[in-house]
Amino acid sequence: MPLGGVPGFVVFCEHETPPMDSGAAVSGAGAGDCRWARQDARPATTRRGGCASWPGRSGRVTPEEQELAHQAESLADHAVDLAFADALRQAADEIPEQTPELKALAEAKQKAQAAAVADEERIKKLAAARKRARQRARPGSD
């Protein structure tokens with residue numbers, strides 16, 4: 001489901017945008033050329049009140065126009081869904097740059113996972129030892 005009814009923001013820049021993999025950020029001399037513009041992401045039917053309110057329209061919409069408008073809206077929703085899914089897929093495929101902080105976090109995660117596995121093994125051994133001790137302590141188990 002697309003984000004209907006949610007206004008968003010769009011950045012318009014008058015300078016060339018640096019490539020994503022360069023690590024460069026928009027700052028310094030070119031940063032002042034960018035401006036934010038509010039973008040209304042609601043469907044046209046809610047934003048403008050439907051086809052009847054468009055300039056030059058008498059307020060009458062034929063059934064064929066309604067069907068075509070419905071198909072156009074469905075196609076636009078589907079296109080937005082596909083674009084969103086593609087953006088999610090691209091974000092998931094993107095490998096972050098390995099900084100010293102990320103390396104340290106990865107090592108800490110591996111150590112914590114190894115400790116958790118070791119703790120689980122020790123719990124299993126202690127549970128088995130407890131079970132054997134209870135069986136030996138029962139009267140008549142000799």
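In this predicted model, the count of salt bridges comes to one. The partners are R89 and D86, whose closest N and O atoms lie 3.9 Å apart. As a rule, side chains of opposite charge can pair when their charged atoms come close.

Why can these two residues meet? R89 and D86 sit three residues apart in helix α2 (residues 63-93), so about one helical turn separates them.

Now for the whole protein chain. Its secondary structure consists of three helices and two strands, and from the N terminus on the order is β-β-α-α-α. Of the 142 residues in the chain, 1% are buried. The chain exposes about 12,500 Å², and carbon and sulfur atoms supply 58% of that area. Taking contacts between residues at least 6 apart in sequence, 54% join residues at least 24 apart.

How confident is the predictor? The average pLDDT of the protein chain is 74, and 56% of the residues score at least 70. Where is confidence highest, and where is it lowest? Helix α3 (residues 100-137) has the highest mean, 96, whereas strand β1 (residues 8-12) has the lowest, 44. Over residues 1-34 pLDDT stays under 50, and the model has 46 contacts beyond four places in sequence for this stretch. Where pLDDT is low, the predicted coordinates should not be read in detail.

Note on methods
Residues numbered from 1 in each chain as written. Predicted model: local features only at pLDDT ≥ 70, side-chain atom pairs only at ≥ 80, totals over all residues. Heavy atoms only, no water. Salt bridge = Lys/Arg side-chain N within 4 Å of Asp/Glu carboxyl O. Helix = DSSP H or I, 4+ residues; strand = E, 2+ residues; numbered from the N terminus. Buried < 20%, exposed > 50% of the residue type's maximum accessible area, 1.4 Å probe, protein only. Contact = heavy atoms within 4.5 Å. Areas by Shrake-Rupley, 256 points an atom, 1.4 Å probe, with all protein chains shown as cover. pLDDT = per-residue confidence, 0-100.
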